[in-house]
Amino acid sequence: MTDHVIYTNEITKIYQMGEVEVRALNGVSITVNRGEMVAIMGPSGSGKSTLMNILGCLDRPTGGEYFLDGERVSELSDDQLADIRNRKVGFIFQSFNLLSRATAIANVELPLRYAGYKTGRTEKARAALETVGLGHRIHHKPYELSGGQQQRVAIARALVNDPAIIMADEPTGNLDSKSGKEIMELLLNLNREKGATVIIVTHDPAIGDQTQRIIRVKDGLIVENQ
Ligand SMILES: Nc1ncnc2c1ncn2[C@@H]1O[C@H](COP(=O)(O)OP(=O)(O)OP(=O)(O)O)[C@@H](O)[C@H]1O
Ligand SMILES: [Mg+2]
């Protein structure tokens with residue numbers, strides 16, 4: 001394959017609700033190149049999270065093709081999908097989704113455990129926390145950290161595996177504007193300085209303005225891609 005980290009061809013997603021079909025994606029074709037930072041924007045209910053879930057291998061399309069990092073993932077089994085997700089995708093969510101009783105470093109080590117690393121986990125997790133400026137907070141639990149710091153832990157967790165792609169769904173949505181700006185700076189730096197490929201779902205035009213490209217979704221279709 002080429003240097004596309006993401007390539008989709010006419011992806012559809014239909015949710016079956018009893019007798020009723022909900023067509024959440026109606027044929028979405030996109031490519032994302034290695035090292036790009038892209039925003040996905042669009043009104044509520046337009047299909048952004050559905051698209052993210054498919055791109056992040058949390059769910060499968062009903063139709064169409066999807067290649068992630070050169071691997072065809074549209075027709076994998078649940079186990080294969082989980083495996084590729086663990087190896088290739090780092091997630092950042094609006095609500096952080098940290099394990100509340102685990103320390104920062106234990107949270108960051110988790111993807112390494114899932115990916116089967118036997119040694120070197122602590123060192124890698126510590127380095128990831130240093131990258132996000134939390135080298136001095138590695139033994140703190142989530143409730144001992146501010147919201148912005150919790151999101152930094154989540155970012156460290158997302159990048160510790162060196163994934164092909166980092167996906168963030170409204171990562172600043174639960175933060176005050178100052179912390180939100182800092183988190184955005186961090187993601188921009190990861191992209192510019194470490195070459196991370198980042199997809200960010202956002203309602204915030206100020207965030208969209210900072211990315212290289214905005215993909216606009218409406219009614220399950222791409223309406224703009226530039
Ligand atoms: N699990 C599901 N079962 C049935 N319908 C669903 C499911 N998830 C989403 N939908 C429907 O699919 C459409 C797209 O939903 P999606 O969550 O992708 O929107 P969104 O763009 O992320 O919206 P928001 O900005 O509010 O987060 C909506 O009409 C929604 O009602
Ligand atoms: Mg959503």
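Trainee: At what angle do the axes of helix 5 and helix 6 cross, and within what distance do they come?

Mentor: The axes of helix 5 (residues 147-159) and helix 6 (residues 177-194) cross at roughly 20 degrees and come within 10 Å. This is a predicted model, in which local features need pLDDT of at least 70, side-chain atom pairs count only at pLDDT 80 or more, and totals for chains, interfaces and linings use all residues. Residues are numbered from 1 along each chain as its sequence is written, chains are lettered from A and ligands numbered from 1 in the order in which they are written, and side-chain values use heavy atoms, without hydrogens and water.

Trainee: Why are helix 5 and helix 6 called roughly parallel?

Mentor: Angles under 35 degrees count as roughly parallel, over 145 as roughly antiparallel, 65 to 115 as roughly perpendicular and the rest as oblique. The axes of helix 5 and helix 6 cross at roughly 20 degrees, so the two helices are roughly parallel.

Trainee: Which residues make the contact between helix 5 and helix 6?

Mentor: Contact means heavy atoms within 4.5 Å. Helix 5 contributes Gly148, Gln151, Arg152, Ile155 and Leu159, and helix 6 contributes Ser179, Glu182, Ile183, Leu186, Leu187 and Leu190.

Trainee: Why are helix 3 and helix 5 described as roughly parallel?

Mentor: Their axes cross at roughly 30 degrees and come within 7 Å. The angle is under 35 degrees, so helix 3 and helix 5 are roughly parallel. Ala104, Asn107, Val108 and Pro111 of helix 3 meet Val153, Ala156 and Arg157 of helix 5.

Trainee: Which residues are closest to ligand 1?

Mentor: Ligand 1 is surrounded by 13 residues, and the closest are Ser44, Gly45, Lys48, Ser49 and Thr50. A residue is near a molecule if one of its heavy atoms lies within 4 Å of it.

Trainee: What makes the approach of Ser44 to ligand 1 a polar contact?

Mentor: A polar contact is a pair of N or O atoms within 3.5 Å. A polar side-chain atom of Ser44 lies 2.6 Å from an oxygen atom of ligand 1, so the pair is within the cut-off.

Trainee: How far from an oxygen atom of ligand 1 do backbone N or O atoms of Ser46 and Gly47 lie?

Mentor: For Ser46 the distance is 3.2 Å, and for Gly47 it is 3.0 Å.

Definitions and conventions. A polar contact is a pair of N or O atoms within 3.5 Å; within protein, one must be able to donate a hydrogen and the other to accept it, and residues adjacent in sequence count only if both atoms are side-chain atoms. Axes are lines fitted to C-alpha atoms, for helices over the stretch in contact, and angles run from 0 to 180 degrees between N-to-C directions. Helices (H or I, at least four residues) and strands (E, at least two) are DSSP runs, numbered from the N terminus.
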